[in-house]
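This briefing covers selected sites in one structure. Look through the sequence and the model, then read the points by topic.

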Amino acid sequence: MDSLSPVTVCIIGAGPYGISVAAHLQSRGIEFRIFGISMHRWRAQMPIGMFLKSEGCASNLSDPIDRHTLRRYCAEEKLPYEEWGQPVSREVFVRYALSFQRTLVPNVESAIVTMVSKSNNGFRLELSSGERLNAEKVIIATGLEHMAHTPQELGRLPAHLQSHSERLHDLSQFRGKDVTVIGGGQSALETAVLLHETGAFVRLLVRKPSLRWNPPPRNGRRSLYRRLWAPRTGLGDGLQLWLYSNLPDLFRYLPQWIRLERAKNVLGPTGAWWLNERTAGLPILLGHSLLGAEARGDRAVLQVSDQNGRSDELVTDHVIAATGYSFQLGRLPFLSQDLVSRLRHEQQLPMLSSHFESSVPGLYFTGLASAYSFGPAMRFLHGASFTSRTIAQQIASAERDNRLVPAIQPAGIAKYDNLGAGG
Ligand SMILES: Cc1cc2nc3c(=O)[nH]c(=O)nc-3n(C[C@H](O)[C@H](O)[C@H](O)COP(=O)(O)OP(=O)(O)OC[C@H]3O[C@@H](n4cnc5c(N)ncnc54)[C@H](O)[C@@H]3O)c2cc1C
């Protein structure tokens with residue numbers, strides 16, 4: 001089935017970023033199609049019982065007038081809500097996001113995009129439904145999909161003895177089992193706590209010698225001094241976080257090595273304040289490095305060493321790598337080889353213009369893929385507002401220009417200000 005007349009914009013992925021971009025395009029009257037199962041990662045892949053690490057005020061999708069906020073949804077549904085200090089459950093966030101989507105972006109199509117390639121005037125897409133279509137612009141909003149990072153030390157362990165935390169929705173499958181979780185960030189800590197509370201025998205293996213916890217937000221009046229030197233933002237308190245939160249467009253002008261380091265490490269592995277007391281009684285092996293892993297019978301054997309260099313073996317029923325995500329262009333299975341080869345990149349991260357456009361005009365990247373251009377806020381829901389406003393504004397002005405000057409467009413590349421070294 002072929003749709004020959006090109007759609008103006010296709011959005012791939014119907015998570016918080018895809019839906020937010022769609023809401024902004026919709027309000028500007030720009031024709032688009034959006035593909036993916038709405039909020040699929042949050043609904044079907046994140047663990048039952050999970051709470052968001054981000055505070056209520058930083059857990060919004062974005063619409064042009066900031067009307068459809070979590071705060072408003074909770075007020076309408078008579079659910080408890082605080083800007084700070086009231087953890088938001090995954091269930092409430094999903095209900096809010098789906099209500100946002102049904103109200104503002106009812107046209108999400110549940111097909112998966114299986115191929116994107118370059119065509120003469122734009123892009124050619126293939127869908128899981130068999131449909132093929134043309135698009136003038138494509139926005140990639142596929143989030144963390146395909147980007148899970150598993151330590152190479154687990155390479156020899158058969159698939160049935162290990163999982164990545166990215167797809168562990170129902171942890172009750174591990175009840176009564178001995179499970180080892182690897183990692184020291186929120187995902188590892190929360191997965192371990194939920195497993196423990198579900199009745200698994202769980203231990204946590206952490207490479208660092210100590211755990212880091214976010215402090216609980218301090219409610220009440222803040223002194224002028226604190227407001228100046230530690231301004232409050234949706235990402236946390238502090239001048240640096242204020243900059244990442246409020247001026248993400250300046251991040252692009254930092255030298256490449258700083259951008260790569262900051263995008264990855266700012267707001268790195270820490271546990272949420274409200275999770276700390278739930279880890280009491282959990283066996284946590286701090287300062288332990290994983291050296292290797294193998295199967296012995298139907299169990300996994302992990303070779304580990306402690307901070308004094310003493311090595312040991314751990315025998316366990318299942319290993320869960322809660323070891324994060326790393327964006328790499330080459331891992332997006334739906335991008336044609338030809339398209340990937342046209343993309344300028346820095347260490348497999350697409351180089352983006354000030355409007356999130358890649359070096360292939362008309363192809364945009366959002367979320368994690370854009371954190372190296374616009375800073376750590378893009379790894380979180382917090383970045384969805386800046387992203388969707390910027391992209392929708394640029395596409396709307398390009399549309400206006402097209403209508404005014406319908407003549408042939410110059411085949412230039414998008415303008416970059418951060419072209420340092422690159423692929
Ligand atoms: C366990 C966990 C907890 C988190 N907690 C927080 C938090 O508390 N606060 C916070 O700000 N951030 C949190 N994050 C980060 C979070 O993932 C992002 O903030 C947010 O989900 C990013 O939205 P997104 O739309 O970019 O990606 P996603 O939410 O991953 O959505 C992308 C969607 O695209 C779909 N998709 C992928 N490929 C295709 C395709 N080929 N065709 C069609 N659809 C496709 C996927 O199914 C997915 O639903 C958490 C992440 C994890 C893993």
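**Loop residues with positive phi**

H146 sits in the loop between β6 (132–140) and β7 (162–164). Helices (H or I, at least four residues) and strands (E, at least two) are DSSP runs, numbered from the N terminus. The model is predicted: local features need pLDDT of at least 70, side-chain atom pairs count only at pLDDT 80 or more, and totals for chains, interfaces and linings use all residues. Residues are numbered from 1 along each chain as its sequence is written, and side-chain values use heavy atoms, with hydrogens and water left out.

- H146 is not a glycine, yet its phi is positive, at about 75°.
- H146 counts as partly exposed because its relative accessibility is 33%. Buried means under 20% relative accessible area, exposed over 50%, and partly exposed in between (1.4 Å probe, protein chains only).
- D66 also has a positive phi, about 50°, although it is not a glycine.
- The loop between α2 (40–45) and α3 (70–77) holds D66.
- With 47% relative accessibility, D66 is partly exposed.

**Ligand surroundings**

- The ligand is surrounded by 27 residues, and the closest are Y17, W42, K53, S54 and L381. A residue is near a molecule or strand if one of its heavy atoms lies within 4 Å of it.
- In the side chain of W42, an N or O atom is 2.9 Å from an oxygen atom of the ligand.
- K53 has a backbone N or O atom 2.7 Å from an oxygen atom of the ligand.
- S54 places a polar side-chain atom 2.8 Å from a nitrogen atom of the ligand.

**Cavity**

- There is one cavity of 30 Å³ or more. On a 1 Å grid over the protein atoms alone, a cavity is a set of points where a 1.4 Å probe fits but cannot get out.
- The largest cavity holds about 30 Å³ of space. Grid points are joined across faces, edges and corners, and a volume is the space filled by probe spheres set on the points.
- Its lining consists of L52, K53, S54, E55, G56, Q86, P87, V88, W273 and W274. Lining residues have an atom within 4 Å of a point.
- By class, that lining has five nonpolar, three polar and two charged residues. Ala, Val, Leu, Ile, Met, Phe, Trp, Tyr, Cys and Pro count as nonpolar, Asp, Glu, Lys and Arg as charged, and the others, Gly among them, as polar.

- H318 belongs to strand β16 (residues 318–321).
- H318 is buried, because its relative accessible area is 8%.
- The side chains of H318 and S163 make a polar contact (2.5 Å). A polar contact is a pair of N or O atoms within 3.5 Å; within protein, one must be able to donate a hydrogen and the other to accept it, and residues adjacent in sequence count only if both atoms are side-chain atoms.
- Not counting residues up to four places away in sequence, H318 touches residues including H160, F174 and D178. Contact means heavy atoms within 4.5 Å.
- S38 lies in the loop between β2 (32–35) and α2.
- S38 is buried too, with a relative accessible area of 8%.
- The side chain of S38 makes a polar contact of 2.9 Å with the side chain of Q101.
- S38 and S110 are 72 residues apart along the chain, with their C-alpha atoms separated by 7.2 Å.

**Helix α7**

- W242 lies in helix α7 (residues 239–246).
- At 33% relative accessibility, W242 is partly exposed.
- W242 touches P231, T233 and L247, not counting residues up to four places away in sequence.

How values were computed. On a 1 Å grid over the protein atoms alone, a cavity is a set of points where a 1.4 Å probe fits but cannot get out, and a pocket is an open set with protein on both sides within 12 Å along at least five of seven lines; lining residues have an atom within 4 Å of a point.
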